[in-house]
Amino acid sequence: MAVSVIQQSRLVIFQGLKTSSRHFTTSLSAQKNYKLVVVGGGAGGCAVASKFVKKLGAGNVAVIEPSQEHYYQPMFTLIGGGIKTLSQATRSMKSVLPAKCEWIQSKAVNFDPVNQKVTTANGEEVGYDYLVVAMGLQLNFNKIKGLPEAFDLDPQVVSNYWDKTVVNTYPAIQRLKGGNAIFTFPNTPIKCAGAPQKVMYLAEEIFRKNNTRKDTNVIFNTALGVIFGVKKYADSLLKVIEARDIQVNFKRNLVEVRASEREAVFENLDNGEMEVFKYDMLHVTPPMSTPDELGTSDIVNEAGFVDINKETLQHTKFPNIFAIGDCSSAPTSKTAAAVAAQCGVLEKNLSAVMKQGTQSAKYDGYTSCPLITSRGKCILAEFDYNAQPLETFPFNQGKERSSMYQLKARVMPELYWKMLLKGHWNGPGFYRKMMRLGMGSSQKPAA
Ligand code: FAD
Ligand code: UQ1
């Protein structure tokens, strides 16, 4: 029977990846089959699909992605600061997915790694030889009591994290006449861990320009116990915070928003007590998780992340599955910069697996966070799995610099659309090594 032949063949691949390409036509089964299926058409999904469609050819790569739009999310900080518009951060999904790959416009809702298939919300079964999961993170606004309603009831409640709310941030900053401007950081892993404070620095600068700063308390309530996970950059940020008279409350986790009273309720994570803050503007970074559709599958770990080897990016149990980006278990800070560095490693290792070769590339955890501290200044944090700086440029990136702001605001969007999404950008590792060689291997970057 055709179906059992397919299933046996899938098992052979699963056990030893001994079989090469197989393409089952609809005459054998109702399900569509591809050599490579990529789930998610965001930063990681587009980059991987672009790389592999060149190797595998038209018709052999499918991307499962429900959204009509693709957002360059790193620009959301600048949109909230009134520097860029949402349309500058938006492209149609059709225009960014590689033309030669097949776009299955639906959500993946079920993963069956043993039988090597994914089911979509439309009920389609999509078979694969190899699978790359690139589903990003889900924003869980509904985990904060009263928050979804507060977005509708109070225009002073905003969030840079969502395309639907990012456009409200700048008007809220401009409307503020004084009082408490509160910026939050949740108690879950999030994408771009610097973004909850970048918006605050831009807002604080605008309050000064608008002459409302003297009447405004700028407050950062974070569930974390540190301002940033890498000491070098944390030290720089604490100096900025002190110089600009910003109040930081550590271990405070937002649990409720009472829009009608303009109150935000935070749990003090040290003693479990609830603390009520009056707000006049509230910027919320929501709790995040991997998408619900991954939550119950066999490919995730206990925390819900796709369970991969942190160096090879290959799944720990299913050798024909890899993951990239925010939904993977790689224990690094989740950014597009990390996606770029992972992309080169994934390309080498998945290609080796496809040829039954040895995986040689190792991901060192490289990630980067351009910490915008004002309109025109940025601390470019770059670091690895050990939270050690891994800087590209031959100067001290712990300082606020206008050159790094220009890199973030002008160069990065081009690098993203024209290089990363097309599969041509594997992060700055190569350039970093070149610069170090040019300076003599033992030389440290200048202060
Ligand atoms: P995404 O790009 O989020 O893509 C995930 C895709 O999966 C989406 O298209 C989604 O529709 C799709 N998907 C979800 N569920 C399903 C499903 N069930 N089936 C199929 N598809 C699904 N990074 C930086 O490097 N520098 C920065 O300065 C920076 N600033 C940021 C500021 C903000 C405010 C935000 C929100 C993010 C920022 N980032 C930054 C982070 C960066 O945008 C993400 O880390 C990056 O986009 C992750 O890529 P990804 O492919 O893992 O996920
Ligand atoms: C990066 O590679 C990248 O992906 C395209 C980003 O996302 C937009 C970044 O923000 C950063 C900082 C990098 C790292 C690149 C360089 C040149 C340091």
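Predicted model: local features only at pLDDT ≥ 70, side-chain atom pairs only at ≥ 80, totals over all residues.
Colleague: What is the strand order of the open sheet of 5 strands?

Modeller: The order is S10-S17-S11-S12-S13, and the pairing is parallel. The edges are strand S10 (157-158) and strand S13 (247-249), each of which pairs on one side only.

Colleague: How many helices and strands does the chain have?

Modeller: The chain has 12 helices and 21 strands. The C-alpha trace spans about 75 × 60 × 40 Å along its principal axes.

Colleague: Let us turn to the ligand. Which of the residues around ligand 1 come nearest?

Modeller: One begins with the shell, which is the set of residues with a heavy atom within 4 Å of the molecule. Around ligand 1 there are 34 residues, and those that come nearest are Gly 44, Glu 65, Ala 108, Asp 326 and Ala 337. By residue class, the shell divides into 17 nonpolar, 10 polar and 7 charged residues.

Colleague: Which helices each supply at least two residues of that shell?

Modeller: They are helix H2 (43-56), helix H3 (76-80), helix H7 (195-209) and helix H10 (336-354). H10 gives the most, with 3 residues.

Colleague: Why does ligand 1 lie between domain 1 and domain 2?

Modeller: The reasoning is to ask which domains give residues to the shell. Domain 1 (5-138 + 290-354) and domain 2 (141-286) both do, so ligand 1 lies between them.

Colleague: How far from an oxygen atom of ligand 1 does a backbone N or O atom of Ala 337 lie?

Modeller: For a polar contact, the N or O atoms must be within 3.5 Å of each other. At Ala 337 the distance from a backbone N or O atom to a ligand oxygen is 2.9 Å. For Ala 43, a backbone N or O atom is 3.1 Å from an oxygen atom of ligand 1, and a polar backbone atom of Met 135 is 3.4 Å from a ligand oxygen. As for cover, ligand 1 has 1,000 Å² of accessible area on its own, and the protein covers 92% of that area.

Note on methods. Residues numbered from 1 in each chain as written. Chains lettered and ligands numbered in written order. Heavy atoms only, no water. Polar contact = N/O pair within 3.5 Å; in protein donor to acceptor, adjacent residues only side chain to side chain. Areas by Shrake-Rupley, 256 points an atom, 1.4 Å probe, with all protein chains shown as cover. Helix = DSSP H or I, 4+ residues; strand = E, 2+ residues; numbered from the N terminus. Nonpolar A, V, L, I, M, F, W, Y, C, P; charged D, E, K, R; others polar. Domains from an automatic or database assignment. Pairing = 2+ DSSP bridges.
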